[in-house]
Amino acid sequence: MAVSKTLIKSRIMDDPSPSSVMTRVNEELSKDNPACMFVTVFAAVLNIRTGELRYTNAGHNPPYLKRADGTLEKIGGMHGPVVGAIGGIEYKEDLLHLAHSDTAILYTDGVTEAKNPSNELFTEKRLVDLLHAPKNESAEQFVAAVITEVEAFQGTADQADDITVLALEFLGKPEGEEVLLIDLTIKNRLEEIAVVDQKIAALSGTYGFDKPMERKIRMACDELLNNVISYGYEEESEHEIGIIMTLIPDRVTIIITDDGRPFNPFNKSAPDTTSSLEDREIGGLGIHLVRNLMSKVAYRREEGAVAKNIITLVKCINSEECSMNDKPNEQEK
């Protein structure tokens with residue numbers, strides 16, 4: 001448990017994909033594990049601005065989601081087996097959206113398999129009945145009610161397993177529906193950048209895009225795609241590069257994905273533009289331009305069956321920070 005927790009925490013800090021994290025952690029835990037020790041895991045990442053919850057269930061009890069209107073939903077689906085028992089597994093993931101006051105309830109099997117003195121199980125049905133109760137409206141009330149009921153049910157019987165309950169209430173207000181503007185795959189050929197240019201240019205005048213906004217996004221994408229195509233691959237074979245652009249009311253997000261060699265273009269320090277051309281180091285101006293055109297830039301490497309570089313660009317609309325808590329141009333690993 002201690003090793004699993006450490007691995008998950010360290011990897012999820014720079015990889016927001018639970019499926020990618022579980023795939024990598026499982027590979028580490030399954031090495032040199034003759035006793036076939038394992039853990040069950042429900043791993044999730046919540047976007048506190050949009051309410052998007054991206055999750056992977058690796059052999060764990062399916063959690064429940066109580067909507068603000070009282071509806072109870074089971075967060076079903078298994079995305080892979082228990083973690084650590086066998087290597088070579090590529091975990092999957094799903095996503096759902098939380099609205100204001102929705103509450104997710106997670107628990108271990110020590111809750112549903114708790115036994116009373118007559119050797120009867122608490123069961124999932126009792127848990128569901130408890131979660132349906134209208135009096136349990138906050139995260140604290142959910143947790144307290146479950147623990148109290150399980151302890152009362154056990155009575156004088158010995159506790160057979162750990163009893164753990166976690167409730168998460170989403171108190172944010174999602175910023176509006178996400179609009180998919182572009183979902184495009186191109187080949188690693190320089191002439192294909194023109195296709196992306198045309199797609200972005202076609203957005204001008206719609207969704208609050210003015211001409212200057214469109215030009216800035218095109219310039220940033222041109223520079224990054226040129227870098228990937230020109231320097232990202234060691235061989236001449238054909239590869240695919242994905243470009244996804246989405247819009248929520250105050251910002252555009254562009255995600256560029258490629259399967260080239262690992263490379264973070266934002267690692268290099270900004271060039272000293274005050275020095276003479278003779279004194280400056282070669283290169284770096286294009287990425288410096290991208291940083292200044294965009295409100296935020298980020299890079300991450302996602303492992304899996306096919307490792308990928310993922311670049312994320314955010315451009316605010318009508319504001320420099322568009323309600324983001326982090327500062328513009330803050331570099332992420």
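At 14% relative accessibility, Phe153 counts as buried (under 20% relative accessible area; exposed is over 50%, partly exposed in between, with a 1.4 Å probe and protein chains only). The model is predicted: local features need pLDDT of at least 70, side-chain atom pairs count only at pLDDT 80 or more, and totals for chains, interfaces and linings use all residues. Residues are numbered from 1 along each chain as its sequence is written, and side-chain values use heavy atoms, without hydrogens and water.

**Exercise 1.** Classify the pair of rings of Phe122 and Phe153.

*Solution.*
- Take the distance: the ring centres of Phe122 and Phe153 are 5.4 Å apart. Rings of Phe, Tyr and Trp (its six-membered ring) pair if their centres lie within 6.5 Å.
- Take the angle: the planes of Phe122 and Phe153 stand at 85 degrees, so the pair is edge-to-face. Planes over 60 degrees apart count as edge-to-face, under 30 as stacked and the rest as tilted.
- Check burial: Phe122 is buried, at 3% relative accessible area.

**Exercise 2.** Classify the pair of rings of Phe42 and Tyr55.

*Solution.*
- The ring centres of Phe42 and Tyr55 lie 5.5 Å apart.
- Their planes are at 25 degrees, so Phe42 and Tyr55 are stacked.
- Phe42 is buried at 15%, and Tyr55 is buried at 6%.

**Exercise 3.** Describe how helix 6 and helix 7 are arranged.

*Solution.*
- The axes of helix 6 (residues 193-201) and helix 7 (residues 211-231) come within 10 Å.
- These axes cross at roughly 160 degrees. Helix 6 and helix 7 are therefore roughly antiparallel (over 145 degrees; under 35 is roughly parallel, 65 to 115 roughly perpendicular, the rest oblique).

Key:
Axes fitted to C-alpha atoms, helices over the stretch in contact; angles between N-to-C directions. Helix = DSSP H or I, 4+ residues; strand = E, 2+ residues; numbered from the N terminus.
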